[in-house]
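Please examine the sequence and the structure shown below before reading the report.

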Amino acid sequence: MCKDCFNELRFINDGCIKCGKTILNETIEKLNPEELLNGCSACMNKTYYFEKAIGCIEYDDTSKKIVFGFKYNDKTFIAKNIAFIMKEKLDTQDIHYDYIIYVPLHKRRERKRGFNQSKLIAKYLGQIEDIKVLDCIYRQKNTTRLFKLRNEERSKELKNAFGFYNSINLCKNKNVLIIDDIFTTGSTVNEISKTLKFNGVKKIYVCTFLTRINCY
């Protein structure tokens, strides 16, 4: 990641306590401080199975170019940069997690791309923090690309999309951190969180490199 690109990134400093999105001025005007403790206008009426999502950087043309270069142009070295950015962000949060997991790709898509970007980020973050990265969730349904779908369509497409390996038993009564590259509506990490909760995980946190702001 070059210095010019890094300097153009818009870091999220005061994200929503629940979904991690930047709290827009119109939301601040509509809601009082006590209401903001329950979320922002993007997530207030949603049910999440995770405790909170933590976004590092706003999704815009510059940050999108970085992630797309990483995912589609084999710039895998960027994973290490992202992991260090996540580490700095996580250090500002009052959370504890015993394991790190990542959003899996379907085996067909991972074979075509050659790697799973979330797994690479999680691997480097685990090394930096000295926390074990678990391979306990797999994608059993080759879902369509979600960015074109509305929120309701995403939820429907993701229903029963994930299965789990026996290693999920290590997470029972433990706290876990889910890693992904982009948080849009939270449907993907929420579906994974539901699977984890049903398997006895105590608390679930989510950390993503980018967070889309005007997308509910």
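The model is predicted: local features need pLDDT of at least 70, side-chain atom pairs count only at pLDDT 80 or more, and totals for chains, interfaces and linings use all residues. Residues are numbered from 1 along each chain as its sequence is written, and side-chain values use heavy atoms, with hydrogens and water left out.

**Overall composition**

The protein contains nine helices and six strands; helices (H or I, at least four residues) and strands (E, at least two) are DSSP runs, numbered from the N terminus. Of its 216 residues, 50% are buried, where buried means under 20% relative accessible area, exposed over 50%, and partly exposed in between (1.4 Å probe, protein chains only). The protein exposes about 11,600 Å², of which carbon and sulfur atoms supply 45%; accessible areas come from the Shrake-Rupley method with a 1.4 Å probe, and for residues only the protein chains shown count as cover. Among contacts (heavy atoms within 4.5 Å) with a separation of 6 or more, 79% join residues 24 or more positions apart.

Helix 9 has 12 residues and spans 17 Å from its first C-alpha to its last, close to the 16 Å expected at 1.5 Å a residue. The expected span is 1.5 Å times one less than the number of residues. Nine of the 12 residues in helix 9 are buried, which leaves the helix mostly covered. The buried residues of helix 9 include Ser187, Asn190, Glu191 and Ser193. Ser193 lies in helix 9 (residues 187–198) and counts as buried because its relative accessibility is 0%. Not counting residues up to four places away in sequence, Ser193 touches Tyr49, Phe50, Ile178 and Ile204. Just after helix 9, Gly200 takes a positive phi of about 90 degrees.

The second largest pocket has a volume of about 240 Å³. Of the 15 residues that line this pocket, Thr47, Ser155, Ser187, Asn190 and Glu191 are the closest to its centre. On a 1 Å grid over the protein atoms alone, a pocket is an open set of points where a 1.4 Å probe fits, with protein on both sides within 12 Å along at least five of seven lines, and lining residues have an atom within 4 Å of a point. Grid points are joined across faces, edges and corners, and a volume is the space filled by probe spheres set on the points. Helix 8 (151–158) and helix 9 each supply at least two lining residues.

**Residues with positive phi**

Most residues other than glycine have a negative phi.

**Leu210 in strand 6**

Leu210 is placed in strand 6 (residues 203–211). Leu210 is buried because its relative accessible area is 0%. Leu210 and Ile57 are 153 residues apart in sequence, yet their C-alpha atoms are 4.9 Å apart in space. Beyond residues up to four places away in sequence, Leu210 touches Ile57, Glu58, Tyr59, Ser63, Lys64, Val67, Asp181, Ile182 and Phe183.
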